[in-house]
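Trainee: I'm new to this one. Could you take me for a close look at the place where the ligand sits?

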Amino acid sequence: MTNITLTIIKPDAVKDGHAGAILDQITKAGFCVKALKLKQLSAVEAGQFYAVHKERPFYNDLVNYMCSGPVMPAILEKDNAVADFRVLIGATNPANADAGTIRKNFGKSIESNAIHGSDSDENAAIEGAFFFAGLEVC
Ligand code: ADP
Ligand code: MG
């Protein structure tokens, strides 16, 4: 698949009841939902997803955060999906995110920043396959 990205509505945003508003903002921005689920990650699964960051000082906290409650992963489709979605979610640190972005609207801190977005087409494909079997993708 091309023109897809993988998002995760993170545990704090799900817990605080923002998933509906976030999905509304995503679809109004022109993204089509191709797959969606609610999922409680184990520490092993969260660690696998963020393995690229395993040498970073925040890795253990990040893994604990990502399995602190259910998340909502989704595969999204749109022309130029990866880059356009990074614009929609804003900077990693919500304090630095542009007004109106999802992280500015719903993020609490550089760690609890409400949402994930893939950083490349290659990683979007890897991350999509991490969460969804082929039969789960429309
Ligand atoms: P992004 O999610 O914007 O692609 P990264 O891939 O660099 O950012 O980091 C992955 C996730 O790790 C971030 O979304 C955030 O939840 C967390 N994170 C990043 N940097 C820090 C940090 N300095 N301290 C704590 N958590 C961080
Ligand atoms: Mg990243």
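**Around ligand 1**

Mentor: Let's begin with one contact: a polar backbone atom of Glu-111 lies 2.9 Å from an oxygen atom of ligand 1. Keep in mind as we go that this is a predicted model. Side chains make polar contacts with the ligand as well. In His-53, an N or O atom of the side chain is 2.9 Å from an oxygen atom of ligand 1, and a polar side-chain atom of Thr-92 is 2.5 Å from a ligand oxygen atom. On its own, ligand 1 has 530 Å² of accessible area, and the protein covers 79% of that.

Now step back to the residues around the ligand. Besides Glu-111, His-53 and Thr-92, they are Lys-10, Tyr-50, Phe-58, Leu-62, Arg-86, Arg-103, Ile-110 and Asn-113. By type, this shell divides into four nonpolar, three polar and four charged residues.

Where does ligand 1 sit? Its place is the largest pocket. That pocket holds about 610 Å³ of space. Its lining is made of 23 residues, and those closest to the pocket centre are Tyr-50, Val-52, His-53, Leu-62 and His-116. Helix H7 gives the most, with four residues. Sorted by type, the lining of the largest pocket has nine nonpolar, seven polar and seven charged residues.

Methods
Residues numbered from 1 in each chain as written. Chains lettered and ligands numbered in written order. Predicted model: local features only at pLDDT ≥ 70, side-chain atom pairs only at ≥ 80, totals over all residues. Heavy atoms only, no water. 1 Å grid on protein atoms, 1.4 Å probe; cavity = no way out; pocket = protein on both sides within 12 Å on 5 of 7 lines; lining within 4 Å. Points joined across faces, edges and corners; volume = space filled by probe spheres on them. Helix = DSSP H or I, 4+ residues; strand = E, 2+ residues; numbered from the N terminus. Nonpolar A, V, L, I, M, F, W, Y, C, P; charged D, E, K, R; others polar. Near = heavy atom within 4 Å. Polar contact = N/O pair within 3.5 Å; in protein donor to acceptor, adjacent residues only side chain to side chain. Areas by Shrake-Rupley, 256 points an atom, 1.4 Å probe, with all protein chains shown as cover. Sits in = over half its atoms within 2 Å of the grid points.
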